Amino acid sequence: MFEILEKRSLNPTVTLMKIAAPKVAKKAEPGQFIILRTDENGERIPLTIADFDRSAGTVTIIFQIVGATTEKLNHLNEGECLHDFVGPLGRATETEGLKKVAVVGGGVGCAIAYPVAKKLHDLGVEVHSIVGFRNQDLVILEDEFKAASSKFVLMSDDGSAGEKGLVTDALKKLIESGEKYDRVITIGPLIMMKFVCQLTKQYEIPTVASMNPIMIDGTGMCGGCRLTVGGETKFACVDGPEFDGHLIDFDEAMARGAMYKPFERKAHEETCNLFKEVK
Amino acid sequence: MPNMRATRNEMPVQDPNVRNKNFKEVALGYTEEQAIDEAQRCLNCKNKPCVTGCPVQIDIPAFIAEVAKGDFAEAYKIITKSSSLPAVCGRVCPQENQCEGKCVRGIKGEAVAIGRLERFVADWHNAQPEAAVEKPASNGHKAAIIGSGPSGLACAGDLIKKGYDVTVFEALHVAGGVLSYGIPEFRLPKDIVQKEIEGLKALGVKVETNTVVGRTVAIDELMKEEGFETVFIGSGAGLPRFMKIPGENLSGVYSANEFLTRINLMKAYKEDSTTPVQHGKKAVIVGGGNVAMDAARCAKRLGADVTIVYRRTETELPARAEEVEHAKEEGIVFKFLTNPVEIKATDNGWVKSVVCQEMELSEPDASGRAKPVPKEGAFVEIEADCVIMSIGTSPNPLIKATTEGLDTQKWGGIIADDNGLTSKEGVYAGGDAVTGAATVILAMGAGKKAAAAMDEYMQNK
């Protein structure tokens, strides 16, 4: 059992939790993920590691409430336990040889982009962070990003936070103004990453996208997380989760990601109703 | 005098048209009377040919003699001297190619139903009130087992009985490996698997779930920092293979591993499951092994019309005879000499159909089976909304990638000698991780052999 040591709401739909998981904390690196189950009959869900503290033995996760399991997770409180918590899984972000990087995050993906930005910053890499949200209410980790970046650009769809527009607009502006990045790292909704990669391809900037597909075991056994990268089938759990963004078939990934949408929607509604009844 | 009836006692089963709609066990097991009657068919041969066919060398005539006398407790004792998982093996071993294949009674009639008797004895034992277990005295040596599937459990069972301090590391949240995530409930009920594992725990085996060796902890750390003198790698062949044909990543295409894991491990067949699985209307399963049969019969139970496509003929099907027979009885259609070449999509990225090349057999290939070759220009398109690829698995590369000095074959299998010793001192391996996908009982045999070698190594260290 894995105790929830801290729980904090970052915005109405995004929550941070610090979990006691010493074995995972000992090995965790930015870019890797964990799989958790809330209870004995729970679903296995993958979440990318947002932060970790080796000496305290804790791992931080940040999740958006989108389905039945994240709804259940959000109803757990400090002092309560997760039934299962396994990791770290996947490969860590490659940071070797980098000098100047643009980190482009969107929505809850920023929770995963942040530890990457922080690690690069700690390694002495010049980091420009571009983060996008739908509106002011959904902005997360603004101060943390600022502390880890020499340049920070906040974008929102409606202009209520930072500048109005898309992260691709901001990235394009920076590139056009003469900023030379040796890598762009993008983490967020598939559609956003697709357009970030299309943009950087025009400028021939190597780009890495962090994928978060449907997954069960996370160790290479089920193949549910497979995607096409450069014409080859890859498993996000063992070959990724980060891949060369210019080679990923994003349209296929989006179709696969929508496979269980009707089921998820129904399960989420049922879970919400259940919690309402309890109240 | 033995009972010289040529035919064996039929196994009572659920009616095919009832069972193809539920996930309860298909075979119901012998009654005491049936078991005793069947046991009396054994000739108690002096040279015991059946034992030579058993990968773990159970003293088969001896346990059957006890069943014939009605002393089931004694029969259980004899079986468990050699096997840690009798309730499992009695259900899933390919007996027709092993013990029963060597049975003298099979020459002029049907072999003694050894597997059914083994299952009967194990189930009888499990139904008795639990007796206090005597934990073996500890000898102070520590052994680590990676993977809680059949090879790991067999290895753990033998080592714990010899007094070792045994810890089994499992990546998933439930122990059992393929017994838990792969083989369906209707063929191997999960409470039976858990009961066998509880039995090992009662003897002192520690099971650490949620631990991915190679990620959470490395083999070198187990040996250098945590004091394990030997390690057994029983990590299986978990990586699913695909055909590399167009359309394989469409929505609605599964590896058999994913489909079965959703259903067996995550219980997606239950109404209230939190893990979804597609309830296809028309499912096509590609492959002819036991796993293909399991996937087909699961899809059927979820309400699909099911077709198995296999590129050779019925004679070459690698699945257990009983599984093929059960699948047919349940209404599953077989299309032989048929090989998928493309999966076609609907407008929104779902499977629509499978285009298959018709095949014919030519000369035997390296495996000794007739080689299927394409029939020029002969194609057939099968409508489907769900396709399950069941064409085999490869060993997981995670352990190889994170263990220095561990040699593997080109295709990924860990290189080990007859006793399971790998290229790394103190590290042993067995089961599918070494051989590639095989059977539960062969994996158990490898686990037992390695346990003996590990015992010798630790005693002489």
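How many bridges join strand β3 of chain A to strand β4 of chain A? Four do, and the two strands run antiparallel. The model is predicted.

**The antiparallel sheet of chain A**

- β3 of chain A covers residues 33–37, and β4 of chain A covers residues 45–53.
- Across this pair, Ile34(A) stands opposite Leu47(A) in β4(A).
- Both strands belong to an open sheet of seven strands in chain A. The order is β6-β1-β2-β5-β4-β3-β7, with antiparallel pairing.
- The edges are β6 (81–82) and β7 (84–89) of chain A. Each has a single partner strand, so one side of each is left without a neighbour in the sheet.
- Helix α3 of chain A, residues 110–122, lies across β4 and β5 (58–64) of chain A. The helix runs at about 35° to β4(A).

**The buried strand β12 of chain A**

- Strand β12 of chain A spans residues 183–187. Five of its five residues are buried, so the strand is largely enclosed by the rest of the structure.
- Arg183(A), Ile185(A) and Ile187(A) point one way from β12(A). Val184(A) and Thr186(A) point the other way. All of them are buried.
- Strand β8 of chain A, residues 100–106, runs parallel to β12(A) and is joined to it by five bridges. In this pairing, Ile187(A) in β12(A) is the bridge partner of Gly105(A).
- Strand β13 of chain A, residues 207–210, also pairs with β12(A) in the parallel sense, over three bridges. Here Thr186(A) has Ala209(A) in β13(A) as its bridge partner.
- Between β12(A) and β13(A) the chain passes through helix α6 of chain A, residues 190–202. This β-α-β crossover is right-handed.

**Helix α10 of chain B**

- Helix α10 of chain B runs over residues 190–202 and has 13 residues.
- From first C-alpha to last, the helix reaches 18 Å, close to the 18 Å expected at 1.5 Å a residue.
- Which residues of α10(B) are buried? They are Lys190(B), Ile192(B), Val193(B), Glu196(B), Ile197(B) and Leu200(B).
- An α-helix has 3.6 residues a turn, so residues three or four places apart point the same way.
- Just after α10(B), Gly204(B) takes a positive phi of about 120°.

**Nonpolar cores**

- The largest nonpolar core has 65 residues. Those with the most contacts inside it are Ile60(B), Phe63(B) and Leu159(B).
- Helix α17 of chain B, residues 440–459, gives the most to this core, with nine residues.
- Beyond its neighbours within four places in sequence, Leu159(B) is in contact with several residues, among them Ala143(B), Ile145(B), Tyr164(B) and Val166(B). Its contacts also include Ala451(B), Met454(B), Asp455(B) and Met458(B).
- A second, separate core has 55 residues. Val153(A), Met192(A), Leu199(A) and Cys237(A) are among them.
- In soluble globular proteins, nonpolar side chains tend to be buried together.

**Cis peptide bonds in chain A**

- Gly87(A) and Pro88(A) are joined by a cis peptide bond, with omega about -5°.
- Pro241(A) lies in the loop between α7 (236–239) and β16 (242–244) of chain A.

- Leu141(A) has phi near 60°, a positive value in a residue other than glycine. Leu141(A) is in the loop between β9 (126–133) and α4 (142–148) of chain A.
- Is Leu141(A) buried or exposed? Leu141(A) is buried, because its relative accessible area is 11% and the cut-off for buried is under 20%.
- Lys244(B) is not a glycine either, yet has a positive phi of about 60°. Its place is in the loop between β5 (239–240) and β6 (253–255) of chain B.
- Lys244(B) is exposed, with a relative accessible area of 79%.

- Glu264(A) lies in helix α9 of chain A, residues 261–278. Glu264(A) is partly exposed, at 28% relative accessible area.
- Glu264(A) and Val66(A) are 198 residues apart along the chain. Their C-alpha atoms are separated by 8.6 Å.

Note on methods. Residues are numbered from 1 along each chain as its sequence is written. Chains are lettered from A and ligands numbered from 1 in the order in which they are written. This is a predicted model: local features need pLDDT of at least 70, side-chain atom pairs count only at pLDDT 80 or more; totals for chains, interfaces and linings use all residues. Side-chain values use heavy atoms; hydrogens and water are left out. Two strands pair if DSSP finds at least two bridges between them. Contact means heavy atoms within 4.5 Å. Axes are lines fitted to C-alpha atoms, for helices over the stretch in contact, and angles run from 0 to 180 degrees between N-to-C directions. The expected span of a helix is 1.5 Å times one less than its number of residues. Buried means under 20% relative accessible area, exposed over 50%, partly exposed in between (1.4 Å probe, protein chains only). A crossover is right-handed if, with the strands pointing away from the viewer, the path from the first strand over the helix to the second runs clockwise. A nonpolar core is a set of buried Ala, Val, Leu, Ile, Met, Phe, Trp, Tyr and Cys residues joined through side-chain atoms within 4.5 Å.
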